[in-house]
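The following explanation is intended for a reader who meets this structure for the first time. Please keep the sequence and the three-dimensional view at hand while reading.

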Amino acid sequence: MPSTELIVSKIENGTVIDHIPAGRALAVLRILGITGREGVRVALVMNVESKKLGRKDIVKIEGRELTPDEVDVISAVAPTATINIIKNYEVVKKYKVRPPHVIRGKFKCRNPNCITNQHREHVVTSFVLVKEEPPTFACEYCGRYHSLEELV
């Protein structure tokens, strides 16, 4: 009888990002700046069954422990994600993502008149959390409100 379970090997050291909403794993990799050309082993599982979400994605990154800032920014595309830090094949730390209070330089303001979108100006975007549920951010320069979905 064929197995109904998906088998993905354990990683020795690194990070497992679990409970990513289905179809969002590639966006998580983009936020982390992972293109596949870094030489880091990455396992990507998409649209697997989940009791918690119905369907979910999973990303495993060998040899890389995410920074707290990276963990927080992942909430932009995967607000239900859980981050597991792995050492010697064991989970040593586990985090639930949360929206960061400030996001700098990761996303573009959607206001075409914002100073951050003017080519002659070299201004790094900055968004401040103004509402937790649903997560809403305001551009520090023009004040435009953005949902996480809009930023991504």
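The model is predicted: local features need pLDDT of at least 70, side-chain atom pairs count only at pLDDT 80 or more, and totals for chains, interfaces and linings use all residues. Residues are numbered from 1 along each chain as its sequence is written, and side-chain values use heavy atoms, with hydrogens and water left out.

Strands of a sheet pair through backbone hydrogen bonds, in either a parallel or an antiparallel sense. Here, 5 strands make up an open sheet with antiparallel pairing, arranged in the order 2-3-1-4-5. Its edges are strand 2 (42-50) and strand 5 (90-96), each of which pairs on one side only. From one strand to the next, the twist averages 20°. Helices (H or I, at least four residues) and strands (E, at least two) are DSSP runs, numbered from the N terminus, and two strands pair if DSSP finds at least two bridges between them. Strand 2 and strand 3 (residues 54-62) are joined in the antiparallel sense by 7 bridges; Glu49 has Arg55, in strand 3, as its bridge partner.

Helix 1 (residues 25-32) lies across strand 1 (14-21), strand 2 and strand 3, and runs at about 145° to strand 2. For such angles, axes are lines fitted to C-alpha atoms, for helices over the stretch in contact (heavy atoms within 4.5 Å), and the values run from 0 to 180 degrees between N-to-C directions.

Attention now turns to charged side chains. A salt bridge is a side-chain nitrogen of Lys or Arg within 4 Å of a carboxyl oxygen of Asp or Glu, and the count by this rule is 4. One of these salt bridges links Lys56 with Asp18, whose closest N and O atoms are 3.0 Å apart. Because Lys56 lies in strand 3 and Asp18 in strand 1, the pair ties together parts that are 38 residues apart in sequence. Residues are called buried under 20% relative accessible area, exposed over 50% and partly exposed in between (1.4 Å probe, protein chains only). Lys56 is buried at 11% relative accessibility, and Asp18 is buried at 15%.

Glu70 and Arg64 form another salt bridge, with the closest N and O atoms 2.3 Å apart. Glu70 counts as buried at 15% relative accessibility, whereas Arg64 is partly exposed at 22%.

A further salt bridge, 3.2 Å from N to O, joins the side chains of Glu65 and Lys87. Glu65 lies in the loop between strand 3 and helix 2 (68-74) and Lys87 in strand 4 (residues 82-87), so this pair ties together parts that are 22 residues apart in sequence. Both residues are partly exposed, Glu65 with a relative accessible area of 37% and Lys87 at 38%. Salt bridges with shared partners bring Glu65, Lys87 and Lys93 into one network.

Finally, Ile34 lies in the loop between helix 1 and strand 2. Its relative accessible area is 12%, so Ile34 is buried. Neighbours within four places in sequence aside, Ile34 is in contact with Leu29, Val42, Ile61 and Arg64. Between the C-alpha atoms of Ile34 and Pro112, which are 78 residues apart along the chain, the separation is 28 Å.
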